[in-house]
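Please look through the sequence and the model shown here before reading on. The report that follows goes from one part of the fold to the next and ends with the protein as a whole.

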Amino acid sequence: MIDVHCHFDMAKNPEKYISDNEKKQIITIGMTNLPSHFQMGVNHVRRYKYIRLALGLHPLRAKEHVKEYSKFRQYIDETSYIGEVGLDFSREGFSTKDIQIKSFKFVLDCIRTKNKILSLHSRRAEKETLEMLIEKGIDNAIFHWYSGSLNVLRNIANSGFFFSINSAMIQSDNGRKIIAEIPKELILTETDFPYIENDDITSIYVWLSKLWNTTTKDVELTIDANFQRLIQRIR
């Protein structure tokens, strides 16, 4: 199984969480909200085969970003994964919109000449996120828990970017409608642990098997092939 977006650093016992996933051979990419969080965790995950830690600047922590820029630059070559980064123009994040745009530009400028994979937060800012990726020439990105319009979704898919879906999405009409529009070759799976109560990836495989009229094993193979194709881009 593959979990391309979770926050294991926020588990009650992060070491147990990643150790359990390692034993189950679940490819797990842990997000961080700030570079200082990455700094605290990076040495703990180096010994694991299936666990990776991403370097992040979460848009909802925008007021803390400027003092973290130097750490972002310091650690950018310590990982192939950048996340959680992006924009949030919802009611929760709109007051820091200008800071977020500045920070996202900073991130994209830092990684544009490097082989990295981004995991993107884009709530109520899907169009702007896509435009900035294209403007900066970024090729390798995953839209995490996409909730925008179907028109923008199609533009994202036509640009070759991936989407990571979770169990919460298959519980809502809008989420199911969105997933049905994503080309199967661009779908990856996530748990967004601990923000989703039912974070079972198996339930996503079961739902996709019905949508695609195939077996759960074929779904698993498709997701794995998608992930392998993505990481080949940075090798």
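Helix α9 (residues 216–232) lies across β1 and β2, and its direction makes about 65 degrees with that of β1. Angles of this kind run from 0 to 180 degrees between N-to-C directions, with axes that are lines fitted to C-alpha atoms, for helices over the stretch in contact. The names of helices (H or I, at least four residues) and strands (E, at least two) refer to DSSP runs, numbered from the N terminus. The model is a predicted one, in which local features need pLDDT of at least 70 and side-chain atom pairs count only at pLDDT 80 or more, while totals for chains, interfaces and linings use all residues. Residues are numbered from 1 along each chain as its sequence is written, and side-chain values use heavy atoms, with hydrogens and water left out.

The word buried means under 20% relative accessible area, exposed means over 50%, and partly exposed lies in between, with a 1.4 Å probe and protein chains only. If residues up to four places away in sequence are not counted, L230 touches I117, N140, I142, F162 and L188, where contact means heavy atoms within 4.5 Å. L230 and Y146 are 84 residues apart in sequence, and their C-alpha atoms are 18 Å apart in space.

The strands β1 and β2 belong to an open sheet of 3 strands in the order β1-β2-β3, with parallel pairing. Since β1 (2–6) and β3 (51–53) stand at the edges with a single partner strand each, one side of each is left without a neighbour in the sheet. From one strand to the next, the twist of this sheet averages 15 degrees. Two strands are said to pair if DSSP finds at least two bridges between them. Of β1, 5 of its 5 residues are buried, and the strand is thus mostly covered. Helix α1 (residues 14–23) lies across β1, β2 and β3, and runs at about 135 degrees to β3.The loop between β2 (27–30) and α2 (35–45) holds N33, which counts as buried because its relative accessibility is 9%. Leaving aside its neighbours within four places in sequence, N33 is in contact with H7, M10, G56, L57, H58, R61 and Y195.

A second sheet is open as well and has 5 strands in the order β4-β5-β6-β7-β8, with parallel pairing. Its edges are β4 (81–86) and β8 (187–189), each with a single partner strand, so one side of each is left without a neighbour in the sheet. The twist here averages 30 degrees from one strand to the next. Helix α4 (residues 97–111) packs on this sheet and touches β4 and β5, its direction making about 160 degrees with that of β4. Helix α5 (residues 126–135) lies across β5 and β6 and runs at about 175 degrees to β6. In strand β7 (residues 162–165), F162 and S164 point one way and F163 and I165 the other way, and all are buried. Between the strands, L120 has F143 in β6 as its bridge partner, while H144 stands opposite S164 in β7.

| Strand pair | Sense | Bridges |
|---|---|---|
| β1 and β2 | parallel | 3 bridges |
| β2 and β3 | parallel | 3 bridges |
| β5 (residues 117–121) and β6 | parallel | 3 bridges |
| β6 (residues 141–144) and β7 | parallel | 3 bridges |

The cysteines can be taken next. A search of the whole structure finds 0 disulfides, a disulfide being a pair of cysteine sulfur atoms within 2.5 Å. C6 counts as buried because its relative accessibility is 0%, and C110 counts as buried because its relative accessibility is 17%.

What remains is the protein as a whole. The protein has 9 helices and 8 strands. Its radius of gyration is 17 Å, close to the 18 Å that the globule rule gives for 235 residues, so the protein is as compact as a globular protein of that length. This radius is taken over C-alpha atoms, and the globule rule is 2.2 Å times the number of residues to the power 0.38. Along the principal axes, the C-alpha atoms of the protein fill a box of roughly 50 × 40 × 35 Å. Of the 235 residues, 54% count as buried. Among the contacts in the protein with a separation of 6 or more, 67% are accounted for by residues 24 or more positions apart. The accessible surface comes to about 11,100 Å², of which 47% belongs to carbon and sulfur atoms; such areas come from the Shrake-Rupley method with a 1.4 Å probe, and for residues only the protein chains shown count as cover.
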